[in-house]
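Student: Could you walk me through how to read this one, feature by feature? I'd like the general idea each time, then the case at hand.

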Amino acid sequence: MHNKKKATVCLGIESTAHTFGVSIVSSDGRIISDYKSVYHPPLGKGIHPREAAQHHSEHAANTLKDCIQSSDFSLNSIDCIAFSSGPGLGPVLRTGASVARALAIWLNKPLIPIHHAIGHIELACKLTGAHNPLIVLVSGGHTMIGAYSGRKCRVFGETEDITLGNLLDVFGREAGLLFPSGPYIEKLAKEGKNFIDLPYVVKGNDVSYSGLLTATLAKLKDGNNLTDLCFSLQEVSFSMLTEATERALTHIERDEVLLTGGVAANSRLSNMLRTMTEDHNAKFFVVPREYCGDCGAQIAWTGILASKSGVMTDVNESYIIPRWRIDEVDIPWRD
Amino acid sequence: MVLIKKGAEAELLLETWCEKKVIMKKRTPKSYRLPELDLKLRQYRTVHEAILIHQAKLVGILTPLIYFVDTKNSTIIMEYIIGKQLKELANESSKLKLKSIFIQIGIIIGELHTSGIIHGDLTTSNLIIDPQNRIFFIDFGLGKKSEELEERSVDLFLLKRSLNSTHYLLAPFFYNWILKGYSKIVGTKNCSEVKRRIESIADRGRYTSSE
């Protein structure tokens, strides 16, 4: 029998891309501790899956130790272990899953597989108080406009090729900026003065960024001013996403819009979406900056929600799913 | 002047114009967008929507009549269609009635594509069914002229997605009925080419279906 007074405590492990994160979250909503170690590829390079996995396995033990020591919890008082089982880079996912499996076996606690992007959404809902919003998820892995309905996250629009995070990172890499390039592009964009015409492609509620990337890179090679290009690239790509979101919003008529994921840290993007949302008399929410990037807390908090609904996996069957689509995830707590 | 719908792109106002009840579709400035980019998009789409609606009408497809185009103010004055959005009807009609509507929609999309017209934003919000069960296609703002397999397939891919997200319980039926009507016009060979391309468009995304 459950003792109502005692909160459930979940340890979550995030390991899908450049971040190895560990966090302890309690069912009363407190993020007790949240630690991460981030792999930085060398200048001019993107994430190398094997090197990222190598980085994560080297830093897993210390990150875990820091997280637990700062939490006032002993490992034994943790009720369940959640891990990001997809989508992401295979070798990186395997590293996180191995740590989670080992903990679950050693502590004899339930193991809970979590979809990384559902983690972004649930943590953002929890931190902002959004109930049932139209969701705009923007990161290196996703550019998606969706909403919960009937135990699933329904996708109303998405990118038809590369993601917004990918667009910024690849452009940044070619322009000699560090990875992830979003923050550098945002800074340079503020100094841009001239708008350079770039292809604006909205298809229904979908966007397509590959043509925009090619065109912007061509303008870079032609010797256009980098600040002007950053400015124009942001204006065009963010306007496209805001327009697609606006289309989805008027189609499904929700009264909340939530922005989450790594690119949510960009204030130009969140200002655009806020302006659009308020224009339709809906409420706008954006995930706090410190939790917009990948972190253990998104997995641990979603682990709490999942454990309440009885979601768990046998260690023998705790597969990783590198190309797990968000609309295929069963979400019993969103019935 | 009554605002009857605030859409994503435009405000729809019910107006009296030359003693007629008309819809004034006004593409208002978007304050989130850079003014020069915004103006260019609004003017381009206003003109193109009017042209495409007119061309669709020429090949016998039911669309609102265009009375006047004001490019400077990005406004189109057009016929007022009394009816319901398919989005609403899809939740309240019998399956039998929906079957005939969706097959008919497939037929009309086939006719549009055969005439080289791509709608560009096929959703159940952009199809109006009038009291005589006639189907009107509206909102051609993202449309274009194209004979290409890719463009036709994207057109149907977007509709498929819109059905899957908005009407997920019946979406597979709706989609199959649409294809049934579509293949009546374009032929089974062309239809299966489009179906294959729709799958490959879905595969271009980062994470693809495991089904």
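This is a predicted model: local features need pLDDT of at least 70, side-chain atom pairs count only at pLDDT 80 or more; totals for chains, interfaces and linings use all residues.

Tutor: Let's start just past the end of a helix.

Student: Where in chain A does a residue just after a helix take a positive phi?

Tutor: Look just past H3(A): Gly129(A) has a positive phi, about 85°.

Student: Back to H3(B), then. What span is expected for this helix, and what does it reach?

Tutor: The idea is to set the end-to-end C-alpha distance against 1.5 Å a residue. H3(B) covers residues 95–114, 20 residues in total, and reaches 28 Å, close to the expected 28 Å. For H3(A), residues 116–128, the 13 residues reach 19 Å, close to the 18 Å expected.

Student: Which residues of H3(B) are buried?

Tutor: First the general point: an α-helix has 3.6 residues a turn, so residues three or four places apart point the same way. Now the case: the buried residues include Leu98(B), Ile101(B), Phe102(B), Ile105(B), Ile109(B) and Leu112(B). Gly106(B), Ile108(B), Gly110(B) and His113(B) are on that list too.

Student: And how many residues of H3(A) are buried?

Tutor: H3(A) is mostly covered, with 13 of its 13 residues buried.

Student: Let's do strands. How many residues of S4(A) are buried?

Tutor: In general, side chains in a regular strand alternate between the two faces of the sheet. Strand S4(A), residues 80–86, has seven of its seven residues buried.

Student: Which strands pair with S4(A), and in what sense?

Tutor: Strand S1(A), residues 9–15, pairs with S4(A) in the parallel sense over four bridges. S5(A), residues 111–115, also pairs with S4(A) in the parallel sense, over five bridges. Then find Gly86(A), whose bridge partner in S5(A) is His115(A).

Student: Now the core. Which residues touch the most other members of the largest nonpolar core?

Tutor: Among the 105 residues of that core, they are Ile81(A), Ala82(A), Val136(A), Leu258(A) and Ala300(A). The element that gives the most to this core is helix H7(A), residues 226–252, with 11 residues.

Student: Why does this core lie between domain 1 and domain 2 of chain A?

Tutor: Check who contributes: domain 1 (9–121 + 292–334) and domain 2 (133–287) both give residues, so the core lies between them. A second, separate core has 43 residues, among them Ile53(B), Leu112(B), Leu159(B) and Ile198(B).

Student: What does Ala300(A) contact, leaving aside neighbours within four places in sequence?

Tutor: Its contacts are Cys10(A), Leu11(A), Gly12(A), Ser23(A), Ile24(A), Val25(A) and Ala82(A).

Student: How far apart are the C-alpha centres of the two domains of chain A?

Tutor: They lie 27 Å apart, and 21 residues of domain 1 of chain A are in contact with 24 residues of domain 2. By class, the domain 1 side of that contact has 12 nonpolar, six polar and three charged residues.

Methods: Residues are numbered from 1 along each chain as its sequence is written. Chains are lettered from A and ligands numbered from 1 in the order in which they are written. Helices (H or I, at least four residues) and strands (E, at least two) are DSSP runs, numbered from the N terminus. The expected span of a helix is 1.5 Å times one less than its number of residues. A residue is buried if 20 or more other C-beta atoms lie within 10 Å of its own, exposed if 12 or fewer, and partly exposed in between; C-beta atoms are placed from the backbone. A nonpolar core is a set of buried Ala, Val, Leu, Ile, Met, Phe, Trp, Tyr and Cys residues joined through C-beta atoms within 7 Å. Domain bounds come from an automatic or database domain assignment. Two residues are in contact if their C-beta atoms, placed from the backbone, lie within 7 Å. Ala, Val, Leu, Ile, Met, Phe, Trp, Tyr, Cys and Pro count as nonpolar, Asp, Glu, Lys and Arg as charged, and the others, Gly among them, as polar. Two strands pair if DSSP finds at least two bridges between them.
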